[in-house]
Amino acid sequence: MKREKIIRPKPFKIDSPVIFEGDSLHILTRIPSESVQCVVTSPPYWGLRDYGVVGQIGLETSLHQFINKLVAIFSEVKRVLKPDGILWLNIGDGYTSGNRGYRAPDKKNPARAMSIRPDTPEGLKPKDLLGIPWRLAFALQDDGWYLRSDIVWNKPNAMPESVKDRPIRSHEYLFMLTKSEKYYYNHEVVKEQGANGKLRSRRSVWDINTQAFPGAHFATFPPSLIEPCVLASTRQGDFVLDPFFGSGTVGVVCQIHDRPYVGIELHSEYVAMAAERLRVLHDNIIRIAI
Ligand SMILES: C[S@@+](CC[C@H](N)C(=O)[O-])C[C@H]1O[C@@H](n2cnc3c(N)ncnc32)[C@H](O)[C@@H]1O
């Protein structure tokens, strides 16, 4: 009987800062196990933005599919993370559409216009808060992650909303998840100033203004949200991964603090934006077709 030879793609060598252009899951499978110390990332929100590129996450027809896809990606992230590493995961929430089938174009933010809006998920009602961050956190816990902290990112400059029947949403969650019970966390370097002016251990509510990055049609990280994550969970020279790199803010913070980064981003326009911010030569971007 003739045996077919299966050729598996070679794993990438991770020995200097790198940007990959392509699909996260696909690229992650080629990153060597236990090669990064920390992951800081913000996946696309569900049903909010159409980035206009094949393979993008966030347009799944059901919430269940969206969560399952992210769990599969973060399972690969777990393999790639060192045993004492930390994942910092920011994910936004939203409301059910109330069965409106579209979102009108937003002049200030063209990426918010969508041709389809997901139906109200089974079991939820119009106007229900989706609760995506906690649904994802529990799913990741079920998949073996240790959920160590739910940090409330309070946004003092949050955008006003026109709603009159509930408080304006002005926070997001940043989950701290680990691969093991014991891990590297340097609490000394991320102390904060208490009301009496003295330094104290960092609390779980962080007041950080949002910051738009010119040209990006999506929510970019404010660098001061990423800084404490990188500083507390890495030493100089440790690799930091962002599998949804966008405009490359994680890379910018890494460059400042002398940590090499691994960025993965599907959209070529955003890869170009990140490369320019990080002064990466185009020859040093690795493009991987799906
Ligand atoms: C919320 S944005 C990340 C923004 C980033 N934190 C920053 O500071 O610029 C999410 C990013 O995920 C990218 N993305 C969507 N689906 C993807 C996929 N399958 N693989 C890799 N990136 C993807 C989008 O293009 C978008 O840039």
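The ligand is surrounded by 22 residues, of which Phe244, Gly246, Ser247, Thr249 and Leu266 are the closest; a residue is counted as near if its C-beta atom, placed from the backbone, lies within 6 Å of the molecule. By class, this shell comprises eleven nonpolar, nine polar and two charged residues, where Ala, Val, Leu, Ile, Met, Phe, Trp, Tyr, Cys and Pro count as nonpolar, Asp, Glu, Lys and Arg as charged, and the others, Gly among them, as polar. The model is predicted, with local features requiring pLDDT of at least 70 and side-chain atom pairs pLDDT 80 or more, whereas totals for chains, interfaces and linings use all residues. Residues are numbered from 1 along each chain as its sequence is written.

Helices (H or I, at least four residues) and strands (E, at least two) are DSSP runs, numbered from the N terminus. In a regular strand the side chains alternate between the two faces of the sheet. In β10, Tyr261, Gly263 and Glu265 lie on one side and Val262 and Ile264 on the other, and both faces are covered.

Strand β10 pairs in the parallel sense with β1 (residues 18–21) over four bridges, pairing being assigned if DSSP finds at least two bridges between two strands; here phenylalanine 20 has isoleucine 264 as its bridge partner. Three bridges join β10 to β9 (residues 240–242), also in parallel, with leucine 241 opposite valine 262.

How values were computed. Buried ≥ 20, exposed ≤ 12 C-beta atoms within 10 Å, placed from the backbone.
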